[in-house]
Amino acid sequence: MEAIKTHITSPKQRLIKTYVCEGCNRTVEQKELEIPIGPHKGEVILANYGCKCADIKLAEESKRIREQLKKEKMEQFFDTYSLINKSLHEATLENYQPTSEELTKAKQAITSYIQGFDGTENLLLHGNYGTGKSHLSVSVTKKLMAKGYECLFLSLPKLLTKIKETYNNKGITEDELLEVIQHVDLLVLDDIGAEHHTEWVNAKLFEILDDRAGKATIYTTNLDSKELKTRVNERNFSRMMENTKIIKMNGKDYRRKEF
Ligand SMILES: Nc1ncnc2c1ncn2[C@@H]1O[C@H](COP(=O)(O)OP(=O)(O)O)[C@@H](O)[C@H]1O
Ligand SMILES: [Mg+2]
Ligand SMILES: [Zn+2]
C-alpha cells in the first residue's frame, strides 16, 4: 500500500545537472519534475536540491520589490503634498558642493542627522539667501524617504497661501492639509519669516508646531535668532527651539557664483 501511494503522489524526476552553488559551496542537484496531480498535472518544473540559495534569492528579490514600491509610494505622497520650488527638484546631498568651511560643516551636520535620524530631533538652518538651506533640507527628505520615512517639504509662504485657498473650497480642505502635516515622520518648514507674519500666520504656525510636538521638523530661515523671535513671536520661537540643533549657513549666494 505504502509503495503504491508513493508511486502515485511523488512526481517523475529527471536529473538535469549537478553543480556547486557559488553562494554556499554545496553540491546542488537540478531536477526536472513532472507534476503528478492537480490542475497542473503533467507540467514540468525545475527544482534545485541541496541548497536554499535560490529560495533566498527569490525572497530577497521580492523584499527589494516591496521596498521599491514603498519608496515610490513615499515619493508620490511627497510630490502630491509638498510645496516646493522647481529649482530644488534635482537637489541631492551628493550634488551639494560646499563653498566654504561653514557650509562644509553644515553638510556634515546634515549627513549625520540623516544617519542618526530618530524621528524626534529638529534642525534649524539659518543664514543668508542662496547658501543651500532649502537644497540640503530637500536632500534630507530624499534620503529619509529612501529609508521608508514619510516626508513633506513645505515652503511656509506657499503653505499659508494654500491654507487661504482652502477657505475658497478649492480641492483639499484645511483639515486634510493639517492632518497630512501632522502625521509625517519629517516635515520641512522652509523660509520661515520670509513674509510679514500677521497674528493669523503666527496662530497657524503654532497650530502646526503644536500638532507635531515631539516629531522631527527642519526649519529654514534667512533671519537671525533675534529677528526670528520677533517675527514668529515668543511662543512659536520657544517651540521651535525645543530639541533643535542649530546649523549656521552663511555665505555667498550660490546662484550668483558665476558672475
Ligand atoms: N553648495 C551648493 N551646491 C550645489 N547647488 C547649490 C549649492 N547651494 C545652493 N545651490 C543651488 O542654488 C539654488 C539656491 O539654493 P537654496 O537651497 O534655495 O538656497 P537658500 O534656501 O539657502 O536660500 C538652488 O537651486 C540650489 O540647488
Ligand atoms: Mg530657501
Ligand atoms: Zn547555495
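Modeller: Strand 3, which spans residues 44-49, is hardly covered: of its 6 residues, the number that count as buried is 0. Please keep in mind that this is a predicted model. Strand 3 is joined by 6 bridges to strand 2 (residues 27-34), and the two run antiparallel. Within this pairing, Glu-32 has Leu-46 of strand 3 as its bridge partner.

Most residues other than glycine have a negative phi. Asp-191 is not a glycine, yet its phi is positive, at about 65°. Asp-191 lies in the loop that links strand 6 (186-190) with helix 7 (199-211). Asp-191 counts as buried because 21 other C-beta atoms lie within 10 Å, where the cut-off is 20 or more. Asn-233 also is not a glycine and has a positive phi, of about 75°. Asn-233 sits in the loop between helix 8 (225-232) and helix 9 (234-240). Asn-233 has 17 other C-beta atoms within 10 Å, and it is therefore partly exposed.

Finally, we may turn to the ligand. Ligand 1 is surrounded by 18 residues, of which Gly-132, Lys-133, Ser-134, His-135 and Tyr-254 are the closest. Helix 4 (residues 133-146) supplies the largest share of this shell, namely 3 residues. Sorted by class, the shell around ligand 1 contains 10 polar, 6 nonpolar and 2 charged residues.

How values were computed. Residues are numbered from 1 along each chain as its sequence is written. Chains are lettered from A and ligands numbered from 1 in the order in which they are written. This is a predicted model: local features need pLDDT of at least 70, side-chain atom pairs count only at pLDDT 80 or more; totals for chains, interfaces and linings use all residues. Helices (H or I, at least four residues) and strands (E, at least two) are DSSP runs, numbered from the N terminus. A residue is buried if 20 or more other C-beta atoms lie within 10 Å of its own, exposed if 12 or fewer, and partly exposed in between; C-beta atoms are placed from the backbone. Two strands pair if DSSP finds at least two bridges between them. A residue is near a molecule or strand if its C-beta atom, placed from the backbone, lies within 6 Å of it. Ala, Val, Leu, Ile, Met, Phe, Trp, Tyr, Cys and Pro count as nonpolar, Asp, Glu, Lys and Arg as charged, and the others, Gly among them, as polar.
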